[in-house]
Amino acid sequence: MPSVTKFPQRILQRGGNEFAEFDKNLLYRVKVDDESKIKSSVITGKSGPSPQLNSLECDYFNFDLPVGAEITGIAVAIGHYKEDKVQGQPMSIGRPVVQLMNAGLPNFPDGVICDETYVDSPTYELAETRAHFDGEYILYYSLDYINSHPSIVVDGWNSTRTARTYHGSYDLPSREQVNNKYFGVKITYPKNTSNNAGYIWLRHIYVRIWYNEPNYGLKVEKLSSDAVYVGFPADYKISLTNINLVNYVTSVVITLPEGATVDRYQGIGDSGGTVRINGTQVTWIPPQSNKRANYGLLLSIKFAVDADVTITAVEQLLHVSSSISSVVYPTPTGIISEDIDSENIIYAKTGINFVLPIRIPVSMLEMYPQIYLIPDNSLDVKPNNSWSSLAANEAYSIPISAFDENGCYNLTCRSDNLGITNIGISTSTTSESNTFIVKVIDSNLTTPRISVIKLKEEELNRLGDGFIYMVNSQLNISGSVEDISNFHDYYRNFRMGVVNNIPETVDATAVFEACKNWSEGLESFNNYIDRTVEFAYDEHYPVYIVFTGDYVDEGDYFSLKFTLPILLEPETYNGYDTLTLLPEPILNVINTQENVANLTLEPFSSSNPIRIYDFPFNEGFGTDNSHAIQGIELVCNISCDSQAVLFAKLKSPHGKIGTRSIVLYNGENTFSVGGEFDKWGFNITELTNLKEWEVELELQNLGNESQINATFESISIIAHFIDVKQNLFNVFVDGETMRLHGMFVQSVDINPGVKSKCSYISIEGSDSHDPMTMNIQAKEIEIKFNVRGCTIEETTKLLREIARILANDRDELNRPIPKRIAFSHIPGYHWDYILEGTIDADLKNGGYACKVKLEIYDGTSWADVDTITNVIGVNESITKVSPVIQFVPLSSSVEITEETHNQKFTITNPNFNMSQVVTIDCANQRVYLRENSESDEQDITNLTDWDVDWFILYQGEYSFEDHGTCIIQNVVHTQRGA
């Protein structure tokens, strides 16, 4: 059985002036398991001023028992002993009274706590008192005696153990009570009944809790071996085992396959509990009891589609799971589906055999003697070696023996009827709906004219296996209206199709014959009409897009024109944009030869975005440990016959975009967008793997008089970079790594500690000077560094870029905006600085030796991450700090005190309620109220008492107390370093 031991993080002393006490600044020694201890003040004799020790209230044990845990036992241990003030004159103090606080229990009778008289002997000192509360309320007390005189040896633990049983209707505390920060122990020492004085030494106090954890077994099983059919209920059992017999009420979520429904449900025995159904998710809450080990739920489920399905159950506390798979067969009528799947469309030619792949549920092999085939047009069938002719709507009987063990039978057929023949498969002589659609064309036809586009590997890499995608294009049947009599729709001509079910091939006819997914036909000529085809992507096969014209046997009357197809997800399709404004031919935009691309823009119009990608950089080229990209430059050669505006976007693979624009004037224009040190708004460390980046251009005509004729001759991209040398340590300015900008640090002088200014009080006639106030002053950080590039020009540009990065900007009131500097050898801290002077730069041997001084106006560093605690914590700063405290009010008058330094804050608001959150900003001495997570903050500083303390966290530990008037959620402060 698991147990956990915790020490209190808060110990309060209760008593008064007539009680001895422990030094509150040393009580931390009791909160850890070591050999340190503390000594009380003197406990006087019974007639003295302090014959009794303060009681100790210990809480904030910070237990975190898991959900569902049940307490089975609690032990309290106190390591203590007494010391005589005068050797040989011992005190007489009985055992302390041990009580649990905030545990939902009454105070224990005195007889329970002090069950025997303490041995009052100067030889043996009380070492440890242990109180154990178990489920039957048996209280065990064990006394350890330590050997204060080497000449005496005493066995302690087992030799003095005593036990008493007290019968009562008490329950042990709950997990919630134990995990509450106010759960604790109160220790009350009796008065000294002798006239002798002494002390109590205290080494530790801890609480050990034994508990039982939930443990569940879960199983999903099918109650029958019968086959499962669409639309027929099948029974499944979900069994939950409460292994450790805990009383925690867990729940089980059962997930059904898509389209499945619960026909009925019931508990097995009397263990039904509560069942909630939401679509395909069933939530079951059994009626848990620690006297019950097993629970069961029966679900009768109907399935909507024939498929391999899985039912999964997950217990919601420990996430124990179980699942079962079943095969769901079609409804036993022989009808496959009212919506004909593409696999059940048969393309045939007159007089040529084709095969009907008939499949029935396996269960029907024993249920029916025969299956019927009913065509709506005449049809020839060949079950064996001879043909049989069927008239329209004549039922043909297929003996059940013809089907294999999987319910499959391939029937050879042929038809002489041009057009569509619908065929139904049924258990009766009438068909309720179609199972197959046979589309028959003339046998003299061979294949249509075919165009095939195979998607590239980089395009396939953007698709997800099993996802549904849509191919979109505009199709146009081009021809003369006079030839209309020569036009025929043969179901697969003048269409677009998608093939994703065959291995790679260069045979266009094979691609055509494998195509099952076709677009609809076109209803008019010489007009572009929008058409789409959906398909489920299978990553194991290539994707071919097929366009078909007229059959080659039909002459050359008509042809199919189509726009470049677009592959997209169905939910993003909003129709086809018929107006595409791009330079033509588009590839000449990046052609370095003399070929050009032309574009015409009407007034107040824009081109479509021109996206350029797959840059000829080496794989992985970009900012790394060896190189640092300083800027990105686009060099464009675009001519316009009137003024235009070019917008350029630089897109990272992670979605971030940098944008630039430039105005083009009439005539030849060779120009740059970006530049040698232009990072387009990106951090230098983000400019990695440039091969995967993209550039997007858009030309706009903002004039209102005439159109613009633009000529695109070439576009190139230049990445400016420097080689990076390693520093002994790195310097960061606002997150920028300065070595990537060519700054190689030689030394940094930070001067640890704080520079302070202290004022003193001098007393006339006295030689002493008493310190009165002390304030932290600003200090400087001095950095010496070198800058060296390939040429003196490049070196100077790098130095000017470093100066730009170091310099402070100013706000609208001309106030400096501080910048932040950090060093890799001092992790976790930064300094806010103002650069008041210039960089001292000395040009030597083609490089610059530089020195810069930064004004640290706060005088200290600041931690990068705020320290967030609850009511107990420590300020490890070099100086005091002001916290931000957040709490939930529990009453109209809230009182918060800081116990270590006796600070007090009170605020009164008759409208306080538990849905609100209040924030105390001690640095700015403001209080804010937020009604809920959606509302704005309100300033309620005026509701504070006039004499409140705006809390200060001094160096060392702090402890806040809410006095039950609120719940302190967190105490936030920023550590300040040297």
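This note sets out points on the architecture, strand pairing, charged contacts and surface of the structure.

1. Basis of the model. The structure is a predicted model, in which local features need pLDDT of at least 70 and side-chain atom pairs count only at pLDDT 80 or more, while totals for chains, interfaces and linings use all residues. Residues are numbered from 1 along each chain as its sequence is written, and side-chain values use heavy atoms, with hydrogens and water left out.

2. Overall make-up. The protein has six helices and 71 strands; helices (H or I, at least four residues) and strands (E, at least two) are DSSP runs, numbered from the N terminus. Of its 978 residues, 44% count as buried, where buried means under 20% relative accessible area, exposed over 50%, and partly exposed in between (1.4 Å probe, protein chains only). Among contacts (heavy atoms within 4.5 Å) between residues at least 6 apart in sequence, 74% join residues at least 24 apart.

3. Surface. The accessible surface comes to about 49,300 Å², of which 47% belongs to carbon and sulfur atoms; the areas come from the Shrake-Rupley method with a 1.4 Å probe, and for residues only the protein chains shown count as cover. On this surface, I761, I763 and M772 form a nonpolar patch with about 280 Å² of accessible area together. Patches are made of residues with over 30% relative accessible area and no salt bridge, like charges being joined within 9 Å and nonpolar side chains (Val, Leu, Ile, Met, Phe, Trp, Tyr) within 5 Å.

4. Strand 53 (residues 755-762) runs antiparallel to strand 54 and is joined to it by eight bridges; two strands pair if DSSP finds at least two bridges between them.

5. Strand 70. Six of the eight residues of strand 70 (residues 966-973) are buried, so this strand is largely enclosed by the rest of the structure. Strand 61 (residues 867-869) pairs with strand 70 in the antiparallel sense over three bridges, and T867 has H973 as its bridge partner there. Strand 63 (residues 884-889) is also antiparallel to strand 70, with six bridges; I885 is partnered with V971.

6. Salt bridges. A search of the whole structure finds 27 salt bridges, each a side-chain nitrogen of Lys or Arg within 4 Å of a carboxyl oxygen of Asp or Glu. In one of them, E696 meets K651, the closest N and O atoms being 2.8 Å apart. E696 lies in strand 48 (residues 694-701) and K651 in strand 45 (residues 644-651), so the pair ties together parts that are 45 residues apart in sequence. Both E696 and K651 are buried. Another salt bridge joins E937 and R930, with closest N and O atoms 3.6 Å apart. Salt bridges that share partners also join R611, K651, E694 and E696 into one network.

7. Backbone points. Most residues other than glycine have a negative phi. F494, which is not a glycine, has a positive phi of about 55°; F494 is buried, with a relative accessible area of 2%. N902 likewise has a positive phi of about 55° and is not a glycine, but N902 is exposed, at 62% relative accessible area.
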